[in-house]
Amino acid sequence: MTFTAPQTSPETTSDDIDFIFLGTGTSSSLPHIECLTEPAESSKPPCRSCLSTLHPEGKKNIRRNTGAVLRVKGKDGNPVTIVIDAGKTFQASALEWFPKNQLRRIDALLITHPHADAMNGLDDLRAWTLNNAIQPHIDLYVSEHTYVEVQRAFPYLVAKEFASGGGDVPEFKWHIINDQESFEIGDTGIKILPFAVHHGRFFSRVPPPVYAVTPNATLPSTPRNGNADLPATRSNSPTKATSILNGATEKEEERIYPYLCLGFKIENRFAYISDVSHIPDHIWPLLEPRIREDGREEHLPLLIMDCLRLRPHTSHNGLEAAMKMTRRIDASKTYLTGFSHEVSHDEYVKLGEIIGGAEHPVETLTAIEKAGLELIGSERGQWVRPAYDGLRVSIKANANGEVAITDDCYI
């Protein structure tokens, strides 16, 4: 499949990008322990997705934490390797997929948000930097919120004074990035545009304190009575917030504070949105088709879109929401990611084929596929497929300005 490429701009330095899914599962990953150990006499239906992972034909249902790695040439012609997220299963993903794809050095690591499935693998990056094993340091690109949360959860990753034991910690260089402000990876010429989407909400009326680690810090990560320094933006006043910590009760505030997660638009070639429940109105113009100066309509070649399961969820897309976003963005090709275990890979494939216009008799569909059929809407012709761990997607542009999206499974 080919189509007109985005016009060349300062944000586009290379025509070819290789994109590899390191993980396509939600935080719990797959398989689930409760599914593999369910007693035979249980009345609970067996989990098709999880049980299939015990056999070679079910490998595509092994879903580690959502993450990816891409290779693109910098302005000097040398390949640049960029990783997106390092969650709880990052080390296992790297051990499997880095050697198979001739990957070694990490030139940049982008973190979407400070949840465990996006940042709890940071410590494992010592394998790259300890004693300069592969490289002296790794450049991390994070929001200020993520940086503060890493400081709070893993202070030794930011300030070595907090290291203990043998003091063997990874070496990072931190770069703070901001919503809708394009940044360059080092001096490579590769430009990335981060944009903030909603990933559920905060449920606590009192957020974790803004805790900036210093070698002489005394404020504990869990505040004790009377010493919490809380931002007034999440409560009417610091005094009120502290009183809540001390056990006071108050009437629930109606206002809901969204939890923000970064998506990335990379080299103007594709958008990566791994954790999303809502896209704010001001972000849509970055993603929707636009009319070029020559009058032709310009679409994103590739979209990576969050889809947890069929049913709606507080912090992720269900299938119906994922399809609404996918159709509005209208990329040439869309790969879904971030799955739980309710729907198997093969069932997502069949639903994707139906979305594209293929005919499958209803009597041949599973109960899950029939339920999905009710959620995908009546519009047909969109190319949508489920990603899986290890899937490699190539974005290549020719001299005529046409972009071809290929992968090692579906095409």
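**Exercise 1. State which elements contribute to the lining of the second largest cavity, and how the lining divides by class.**

Solution. The second largest cavity is lined by L319, L336, Y348, L351, G352, I355, V384, R385 and P386. A cavity here is a set of points on a 1 Å grid, over the protein atoms alone, where a 1.4 Å probe fits but cannot get out, and lining residues have an atom within 4 Å of a point. Two or more of these residues come from each of α10 (345–356) and β16 (384–386); helices (H or I, at least four residues) and strands (E, at least two) are DSSP runs, numbered from the N terminus. With four residues, α10 gives the largest share. By class, seven residues are nonpolar, one is polar and one is charged. In this scheme Ala, Val, Leu, Ile, Met, Phe, Trp, Tyr, Cys and Pro count as nonpolar, Asp, Glu, Lys and Arg as charged, and the others, Gly among them, as polar. The volume of this cavity is about 40 Å³, taken as the space filled by probe spheres set on the points, which are joined across faces, edges and corners.

The model is predicted: local features need pLDDT of at least 70, side-chain atom pairs count only at pLDDT 80 or more, and totals for chains, interfaces and linings use all residues. Residues are numbered from 1 along each chain as its sequence is written, and side-chain values use heavy atoms, with hydrogens and water left out.

**Exercise 2. Describe the lining of the largest cavity.**

Solution. The largest cavity holds about 60 Å³ of space. Its lining consists of L22, G23, N65, T66, G67, D85, A86, G87, T89, F90, S93 and D117. The elements giving two or more residues are β2 (17–23) and α3 (90–100). By class, three lining residues are nonpolar, seven polar and two charged.

Notes
1 Å grid on protein atoms, 1.4 Å probe; cavity = no way out; pocket = protein on both sides within 12 Å on 5 of 7 lines; lining within 4 Å.
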